[in-house]
Amino acid sequence: PTKESTAEFDYEFDGWDKTIVAATENTTYTAKFKETKRQYTYKFVDVDGTVLKSVKVAYGTQILAPDTNPEKTDTAELDYTFDGWYLGNEKVTDFGTVTGAVTYVAKYSSVKNQYTYKFIVDGLVKATSKEDYGFVIQAPTDPIKESTAEFDFEFEGWYTEAEGGEKVTNFGTLSGDVTYYAHFKETKRQYTYTFVVEGTEISETAEYGSDIVVP
């Protein structure tokens, strides 16, 4: 004979309750079964499928979560925080005892990272903002640099370095802290000097700093 297993036990035929002898009277023999507690595997799995803990234990054994919570590597876009162990869509805080094979999956909450972008003109911040990853960066209006006695200045564009660097024409979206620097093309100013001889003017135009030539 066989006996159907339960969730808790498997059964193996272990003989009859008494020795079978020649029939001399009505007799009932009852099957005996040896019971063995069934074993099940419980698992704790990270969101990427990595098995963090796998234990095969007997029915009724207390389920124990891993000693430390898993961590998910942050990305440029998101910071992750462990949110708990889930069975399907249900968060589990009391695991109870083993009653069958079961797998718990780690889930994480996430927060979008924020970054700062700056536009610098002559060492001064012209525009700055702290925004979420993916924010579309908009350049401010073209800056103006006041002329000096020696130079006029024409805005050339925004660059990745205060001196040198690469010119940026498409700022794209924010993916990290970033600073852009205004570059100006300088042109030496020209001036006119005049000598007056008995009412006659003799004029010359020359760059700032040039020697004045006496006629």
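**Strand pairing and aromatic contacts in the predicted model**

Lys-43 stands opposite Ser-54, a residue of strand S4. In this predicted model, strand S4 covers residues 51-58 and is joined to S3 by seven bridges, the two strands running antiparallel. The hairpin formed by S3 and S4 has five residues between the strands, and in this hairpin Gly-49 adopts a positive phi near 95°.

An open sheet of five strands is also found, in which the order is S9-S8-S12-S10-S11 and the pairing is mixed. The edges of this sheet are formed by strand S9 (124-132) and strand S11 (167-168), each of which pairs on one side only. Within the sheet, S10 and strand S12 (residues 178-188) run antiparallel and are joined by eight bridges; Glu-154 has Lys-185 in S12 as its bridge partner. In general, the strands of a sheet pair through backbone hydrogen bonds, in either a parallel or an antiparallel manner.

Aromatic side chains were examined next. With ring centres required to lie within 6.5 Å of each other, the count comes to 21 aromatic pairs. One of these is formed by Phe-44 and Trp-85, whose rings are arranged edge-to-face, with 4.9 Å from centre to centre and 75° between the planes. Because Phe-44 belongs to strand S3 (residues 39-45) and Trp-85 to strand S5 (residues 78-87), the pair ties together parts that are 41 residues apart in sequence. Phe-44 and Trp-85 are both buried.

A further edge-to-face pair is made by Phe-119 and Trp-158, for which the centre-to-centre distance is 4.9 Å and the angle between the planes is 75°. Phe-119 is located in strand S8 (residues 114-121) and Trp-158 in strand S10 (residues 151-159), so that this contact ties together parts 39 residues apart in sequence. Phe-119 and Trp-158 are likewise buried. These two residues also belong to one aromatic cluster, which is formed by Tyr-117, Phe-119, Phe-135, Phe-155, Trp-158, Phe-171, Tyr-180 and Phe-184.

Aromatic rings are also found in contact with charged side chains. Lys-18 lies over the face of Tyr-29, at 5.3 Å from the ring centre, and Lys-72 lies over the face of Tyr-80, where the corresponding distance from the ring centre is 4.2 Å.

Key:
Residues numbered from 1 in each chain as written. Predicted model: local features only at pLDDT ≥ 70, side-chain atom pairs only at ≥ 80, totals over all residues. Heavy atoms only, no water. Phe/Tyr/Trp six-rings, centres within 6.5 Å; stacked < 30°, edge-to-face > 60°. Helix = DSSP H or I, 4+ residues; strand = E, 2+ residues; numbered from the N terminus. Buried < 20%, exposed > 50% of the residue type's maximum accessible area, 1.4 Å probe, protein only. Lys NZ or Arg CZ within 6 Å of the ring centre and 35° of its normal. Pairing = 2+ DSSP bridges.
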